[in-house]
Structure formats: structure tokens, C-alpha cells
Amino acid sequence: MPIVAGIRFKDVGKVYYFDPGELPLKGGDKVLVETVKGIEMGVVAIEPREVPEEDLVLPLKNVLRLATEEDLEIERNNEEKARQAMEIAAEKIARHGLEMRLVDAEYTFDGSRVTIYFTADGRVDFRELVKDLASALKTRVELRQIGVRDEAKFYGGLGPCGRELCCASFLCEFQPVSIRMAKEQNLRLNPSKISGTCGRLLCCLRFEAENLGAEKHREVPIEIGACVVTPAGEGKVTGYNQAKETITVMLEDGTEAEFPEEEVDEKK
């Protein structure tokens with residue numbers, strides 16, 4: 001099997017496989033690699049190991065060398081140039097009157113191209129803006145529109161659970177999340193309860209759907225909407241937590257309470 005190394009270009013970003021050659025790479029090493037964009041600097045996320053050929057996109061690009069102190073200085077200069085590019089781009093966008101929200105900018109290692117990331121509510125005609133930016137920055141400019149999930153990943157923050165956003169802390173790639181996953185977990189389909197900071201369905205809905213396994217197909221003891229008797233009085237079932245094996249009931253006084261399954265009886 002081919003020996004490959006996993007390289008990451010952004011914090012909590014996607015890992016790409018490269019041919020390490022004979023280089024003695026260790027996790028956390030900064031390296032220069034050959035990409036379709038040119039030469040870029042990345043970090044070793046997965047040390048060299050054998051990977052089945054069917055899991056790879058061949059031919060692999062090469063890891064050129066370990067980063068030197070001079071390379072790290074170039075990268076620091078590129079980061080400063082990217083900050084300046086953001087300021088210039090913001091000024092040009094305002095001048096062109098475009099409905100765009102800047103997110104980030106990054107230069108390739110050799111400085112031959114700058115990619116500027118933005119979000120927008122719809123399609124944006126930025127052809128004149130690109131020409132203007134290329135003239136001001138004296139390099140090739142690529143404008144790339146990203147989605148709201150990518151924007152949340154970049155800025156970070158706290159989710160409704162009180163923890164750091166999954167996408168900003170450990171989730172390298174976004175997986176599809178469907179409303180069916182919320183229904184299978186018997187969650188109330190309230191957009192404010194099942195949506196994340198980005199406004200899309202919570203990524204953790206997928207985690208629960210995968211981890212519940214056979215439990216998610218467990219028969220619901222009492223149907224949603226059924227009239228029940230609880231230790232706190234009578235009410236109607238509004239939710240069911242399969243993982244905790246609890247039932248949420250709307251009581252007659254309008255308050256909601258959660259009870260263990262064995263404490264709730266369907267009203268005859």
C-alpha cells in the first residue's frame with residue numbers, strides 16, 4: 001500500500017494526503033507541499049502511514065520539504081499581507097456597492113495569488129471588483145463565496161449546549177444533516193431549538209442519529225400528543241428523549257416538565 005502523510009492547511013480544516021517521500025515527518029511539523037494552487041505551507045496532521053490505494057486520489061502531490069525558519073518568516077509576512085488585503089478589499093467593496101461580507105484572505109506561499117473569502121445572500125457580480133483588486137494588490141486575485149456553515153467555522157463561538165462550536169473545534173468536514181434526523185429523535189421541530197449559530201440544522205443531530213444505532217428504532221412508549229398522568233398532574237406528551245428515556249409533558253398549567261418513562265402513564 002502507498003505510504004502517505006495527512007496535511008492540514010487550516011486549523012480544524014480538511015486533511016489532504018500527500019507523498020512524504022523519504023522525509024522523517026512528525027505530527028505538528030510545518031511543511032511545504034505542492035498543490036494545484038502552487039506551493040503552500042501546511043501542518044502534518046497524520047504521520048506517514050500505509051493507506052489503501054482505493055482511499056486515495058492519485059496521483060499524489062509531493063511534500064517538498066520541512067519548513068525552515070526563512071519559510072516561517074515568509075508565511076508571517078504573507079499573513080500580514082493578507083490582513084492588508086482584507087482592508088483594501090473592504091474599501092473596494094464599499095466603493096462598488098456590493099452586498100458582500102468579507103470573511104478571510106490568504107496568500108499562497110509564493111505570493112502569486114491571494115484568495116479572498118466572502119459570504120452573500122445571493123449571487124454577486126464581482127468581475128469589476130476582481131480587476132480593481134488585482135490592480136491594487138499587484139497579484140492574481142480569486143474571490144470565493146462560502147456558505148454560512150463555513151463562516152461559523154471561521155469565526156467560532158459557543159453552541160446552545162454551551163460548548164465551543166463543533167465545526168470550529170474538531171469537525172473537519174461538514175456532513176449532510178436532515179430534518180428526518182430530528183424527527184427520528186422525537187425532537188420538537190422548533191427552528192430555534194434545532195438550528196445552530198449558522199442558522200442551519202445542528203451538526204450534532206447527525207452525531208445522535210449515528211450513535212443511537214438500534215436505540216433510535218426503539219418503540220416510543222407513548223405517542224406525541226397523548227394525554228397522560230404524571231406525578232405533577234395531567235398533561236399532553238410533547239417530546240421524547242430516547243437517549244435519556246424521558247418524556248416531556250405539557251401540564252395543565254401551561255408549563256413543561258420532563259419525567260422518566262416509568263413515571264408517566266397514558267390516560268385511559
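I took a cavity to be a set of points, on a 1 Å grid over the protein atoms alone, where a 1.4 Å probe fits but cannot get out, and a pocket to be an open set with protein on both sides within 12 Å along at least five of seven lines. Points are joined across faces, edges and corners, and a volume is the space filled by probe spheres set on them. The model is predicted, so local features need pLDDT of at least 70 and side-chain atom pairs pLDDT 80 or more, while totals for chains, interfaces and linings use all residues. Residues are numbered from 1 along each chain as its sequence is written, and side-chain values use heavy atoms, with hydrogens and water left out.

Entry on the cavity. I found 1 cavity of 30 Å³ or more, and the largest cavity has a volume of about 40 Å³. Its lining (residues with an atom within 4 Å of a point) includes Lys37, Glu40 and Arg113. Strand β7 (113-119) gives the most to this lining, with 3 residues.

Entry on the largest pocket. I noted a volume of about 1800 Å³, and of the 50 lining residues the closest to the centre are Phe9, Lys10, Gly13, Glu106 and Tyr117. By class this lining has 26 nonpolar, 6 polar and 18 charged residues.

Entry on the second largest pocket. I noted a volume of about 1000 Å³, and of its 41 lining residues the closest to the centre are Leu187, Lys193, Leu202, Cys204 and Leu205. Helix α7 (204-212) gives the most to the lining of this pocket, with 5 residues.

Notes:
Helix = DSSP H or I, 4+ residues; strand = E, 2+ residues; numbered from the N terminus. Nonpolar A, V, L, I, M, F, W, Y, C, P; charged D, E, K, R; others polar.
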